[in-house]
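This report goes through one protein structure, element by element. Please look at the sequence and the model first.

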Amino acid sequence: MNEEKLRLIIRQVIHEMADPYRVPIGVSNHHIHLTKHDFQTLFPGQTMKVRAQLKQPGEFASEQTATVIGPLGTVQHVRILGPYRSHSQVEIARSEAIAIGVDAPIRLSGHLDNTPSVQLQTKDGTVTVQGVIVAKRHIHMSLDDAKRFGVAAGDEVSVDVLSNDRRTTFHNVVCRPRKDFVLEMHIDTDEANAANVNNDTVGHIIVEKDK
């Protein structure tokens with residue numbers, strides 16, 4: 001284990017001891033998940049090129065981007081995330097959905113029944129994807145984290161976002177525990193801007209005794 005990783009672990013333990021209900025906040029920008037078939041249509045002969053590893057194990061932002069085309073407009077340079085998915089999916093902010101004329105529902109990733117469609121376009125190809133959502137705010141957590149918070153998969157909690165000047169409480173935050181998940185609350189850019197969230201902003205999960 002290198003020194004930097006050890007320092008991060010020690011820092012996390014100290015934070016948990018000081019506030020066991022503390023949760024880091026990650027801002028999720030618009031992005032696209034693709035099947036291998038749709039990726040090859042948009043990027044013939046290419047493979048996903050890793051631009052940056054994401055916090056959750058095995059997930060990464062690729063070098064490739066595409067344009068999202070709706071009835072009233074476009075969102076350009078939307079990043080493709082890997083790895084491949086079994087169903088292509090587009091996640092945009094509510095303000096972007098309104099701007100391009102798409103009535104995207106607020107859903108968890110992968111919950112795509114009765115969602116609208118958009119076109120994705122690159123210089124090499126175009127595909128139509130049925131599966132446009134505004135991501136429902138959620139918390140990735142390990143099984144140990146879930147035990148510490150007293151929650152199970154699908155439970156909803158409230159989180160006090162401790163930002164400067166715009167401290168905000170978010171309700172209906174879905175808990176998503178998994179053995180290999182790293183603790184992080186995900187909100188989109190609309191929510192982050194409204195609550196003045198930056199890279200150092202953290203939240204506090206509100207438990208019954210706090211209410």
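## Strand β14 and its surroundings

In strand β14, Ile187 is the bridge partner of Val27. The model is a predicted one: local features need pLDDT of at least 70, side-chain atom pairs count only at pLDDT 80 or more, and totals for chains, interfaces and linings use all residues. Residues are numbered from 1 along each chain as its sequence is written, and side-chain values use heavy atoms, with hydrogens and water left out.

Helices (H or I, at least four residues) and strands (E, at least two) are DSSP runs, numbered from the N terminus. By that rule the protein has five helices and 15 strands. Two strands pair if DSSP finds at least two bridges between them.

Strand β1 (residues 22-28) pairs with β14 in the parallel sense, over four bridges. Strand β11 (residues 138-141) also pairs with β14, in the antiparallel sense and over three bridges. There, His138 stands opposite His186 of β14.

Is β14 mostly covered or mostly uncovered? Strand β14 spans residues 184-188, and five of its five residues are buried, where buried means under 20% relative accessible area, exposed over 50%, and partly exposed in between (1.4 Å probe, protein chains only). In a regular strand the side chains alternate between the two faces of the sheet. Glu184, His186 and Asp188 point one way from β14, while Met185 and Ile187 point the other way. For the protein as a whole, 45% of the 211 residues count as buried.

## Nonpolar cores and contacts

A nonpolar core is a set of buried Ala, Val, Leu, Ile, Met, Phe, Trp, Tyr and Cys residues joined through side-chain atoms within 4.5 Å. The largest one has 24 residues, and those with the most contacts inside it are Ile32, Leu34, Val68, Ile80, Val90 and Leu120. At least two residues of this core come from each of α2 (36-42), β4, β5 (74-82), α3 (94-100), β8 (117-121), β9 (126-130) and β10 (132-135). A second, separate core of 22 residues includes Ile139, Ala146, Ile187 and Val197.

Contact means heavy atoms within 4.5 Å. Thr67 lies in strand β4 (residues 60-69) and is buried, with a relative accessible area of 18%. With the same exclusion of residues up to four places away in sequence, Thr67 touches Thr74, Val75, Gln76, His77, Gln119, Leu120 and Gln121.

Among contacts in the protein between residues at least 6 apart in sequence, 66% join residues at least 24 apart.

## Pocket and cavity

Rolling a probe the size of a water molecule over the atoms shows where empty space is left. On a 1 Å grid over the protein atoms alone, a cavity is a set of points where a 1.4 Å probe fits but cannot get out, and a pocket is an open set with protein on both sides within 12 Å along at least five of seven lines; lining residues have an atom within 4 Å of a point. Grid points are joined across faces, edges and corners, and a volume is the space filled by probe spheres set on the points.

The structure holds one cavity of 30 Å³ or more. Its lining includes Ser28, His31, Glu91, Ala135 and Asp188. As for the largest pocket, 39 residues line it, and the closest to its centre are Ser28, His31, Leu54, Leu81 and His186. Each of β1, β2 (31-33), β4, β5, β11 and β14 supplies at least two residues of the pocket lining.

In the table, Ala, Val, Leu, Ile, Met, Phe, Trp, Tyr, Cys and Pro count as nonpolar, Asp, Glu, Lys and Arg as charged, and the others, Gly among them, as polar.

| Space | Volume | Lining residues by class |
|---|---|---|
| Largest pocket | about 850 Å³ | twelve nonpolar, 14 polar, 13 charged |
| Largest cavity | about 70 Å³ | three nonpolar, five polar, three charged |

## Backbone details

A cis peptide bond joins Gly82 and Pro83, with omega at about 5°. Pro83 is in the loop between β5 and β6 (89-91).

Asn172 has a positive phi, near 55°, in a residue other than glycine. Asn172 belongs to strand β13 (residues 168-177) and is partly exposed, at 41% relative accessible area. Phi of Asn196 is also positive, near 60°. Asn196 is found in the loop between α5 (189-194) and β15 (202-206), and at 34% relative accessibility it counts as partly exposed.
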